[in-house]
Every structure is written in C-alpha cells, then in structure tokens.
Amino acid sequence: MVKRQLRPRGIVDPAVLEAMRRVPRHVFVGPGVSTMRAYGDHALPIDAGQTISQPYVVACMTELLRVSPGLRVLEVGTGSGYQTAVLAALGAEVVTVERHAVLSEAAAERWAEVCPDAAIIRRVGDGSLGVADLGPFDRIVVTAAAPALPAALDEQLAGGGRLVIPLGDRRDQVLAVFRRDPDDDRLVRRDETPCRFVPLIGAQAWPG
Ligand code: SAH
C-alpha cells in the first residue's frame, strides 16, 4: 500500500508513511472483506451506509494536517476508526466524534485490539458543532463533506492551528486547508485536491 499507492502519488512525510505502515487497516474494514481488498486503492463500505476512506485520502489528509507528538487533534467522523488510529500512531491526543453510536462503539473495540495505549477520546454526537468542552484543538480534520466551514470548528481551532475539510456540494468537493494565523487570528484558506466524501450531516452542515 505504501510502496504502490502512497509514495508514487507524492506522500513524502516519513512519519505519515510509517504510521500508515504500522496501523493494520484490515482490522478496520468489515469482517467479510479479504485482507487483500482491505489494502486496495479504494474506499470500502462500513456499517450505517458509511465508508472507510481510500488509503491515499487518509495519508493525504494526515500529511496536510502536519501532526506531531502531543498535539491535540479533533477528528469529525470517526467512521471505522482507521484515521483515528493513524493520528494516534503519530503521537497525537485525539478526540473523535461520530454521529452513529454503532460505528463509534465498533471503532473503540478495534482500538482496544490494535492500539490499547493510544490517547483517544471518543464522543457520539454532531461533530459539526465540534467538541466545545475539550477544545481548543491544534488540529481539526473533518472526514465528511460540508457546504462550508462550520463556525463551531473555526471557533475551536487554536492559534497557529490547521484544519482540513472537504468543502463543496453533496457530490464533489475540494480538500480545503485552513491555517489560523498565530498573531492576528485570521484564518487563511488554501485549496488542495478534488475529492468525494460522504456528507457531514448536522446543525452546521447538511440536513439529514
Ligand atoms: N475517518 C473515517 C471516515 C469515515 S466516513 C475512517 O477512517 O473510517 C465519515 C464519517 O462521518 C461517517 O462515519 C459519518 O457517519 C460521519 N459523520 C457524518 N456527519 C457527522 C457529524 N455531523 N458528526 C459526526 N460524524 C459525522
């Protein structure tokens, strides 16, 4: 996966590549999926009509986020828990929020198996509102697509922080990276690659 998919497409951060090598992706896909398919170059269905993102997309978002040990990261959209485990493998303290309780619980069981010592706090609820009582966060990654940056996430991003979110319509989006200027608090947006995610459904995103 690292050699055929991630390196050729320009993922270069050694820490990200190492984390992707270490986290066993096959644990995070459904039980009916073969190990070969688990590491394939595609997203895969998980419960509740959701998906585990393609390996390249996880690597790309993680690289854009610039995670280093000890940073507080908010992940919106726990899904399978795979990206959470990758963030934790980079030494981050991760708070992850998912609207489907069944997915959040399944993810917790997987972390107990593959990374029992990881610093992961999980919440069930509407992540378009962030997790106000545990913020602010040095990094925020949203793994579902929104029409615009939710105001609550803007508010919960610390000075000097970075936020990665797919923005666009319900079909097509662009991966947007926001940086909060440490001096004047301004948020600067840069657009990266086109992408396609499941919708972020919530009070500050798409209606259900
Ligand atoms: N990071 C995940 C990708 C999951 S897909 C992984 O590695 O597997 C996106 C997830 O966002 C879905 O599980 C979906 O249920 C969830 N989601 C959608 N809207 C949400 C919201 N408002 N709050 C929290 N989670 C949400």
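Trainee: Which residue has a backbone N or O atom that lies 3.1 Å from a nitrogen atom of the ligand?

Mentor: That residue is Gly77. The model is a predicted one, in which local features need pLDDT of at least 70 and side-chain atom pairs count only at pLDDT 80 or more, whereas totals for chains, interfaces and linings use all residues. Residues are numbered from 1 along each chain as its sequence is written, and side-chain values use heavy atoms, with hydrogens and water left out.

For Gly125, a polar backbone atom is 3.5 Å from a ligand nitrogen. A polar contact here is a pair of N or O atoms within 3.5 Å; within protein, one must be able to donate a hydrogen and the other to accept it, and residues adjacent in sequence count only if both atoms are side-chain atoms.

Next, the packing of helix H5 (residues 82-89). Helices (H or I, at least four residues) and strands (E, at least two) are DSSP runs numbered from the N terminus. H5 packs with helix H2 (residues 14-22) at about 125°, their axes 9 Å apart; axes are lines fitted to C-alpha atoms, for helices over the stretch in contact, and angles run from 0 to 180 degrees between N-to-C directions. H2 and H5 are therefore oblique to each other (under 35 degrees is roughly parallel, over 145 roughly antiparallel, 65 to 115 roughly perpendicular, the rest oblique). Their crossing is right-handed, with the near helix turned clockwise from the far one by less than a right angle. Ala19, Met20 and Arg22 in H2 meet Tyr82, Val86 and Ala89 in H5, with heavy atoms within 4.5 Å.

Helix H4 (residues 55-65) packs with H5 at about 40°, the axes being 11 Å apart; H4 and H5 are therefore oblique. H4 passes H5 in a right-handed crossing. Val58, Met61, Thr62 and Leu65 of H4 make the contact with Tyr82, Gln83, Val86 and Leu87 of H5.

Two loops deserve attention. Arg66, in the loop between H4 and strand E3 (72-76), has a positive phi of about 50° although it is not a glycine. Pro136 lies in the loop between strand E5 (120-124) and strand E6 (137-142), and a cis peptide bond with omega of about 0° joins Gly135 to Pro136.
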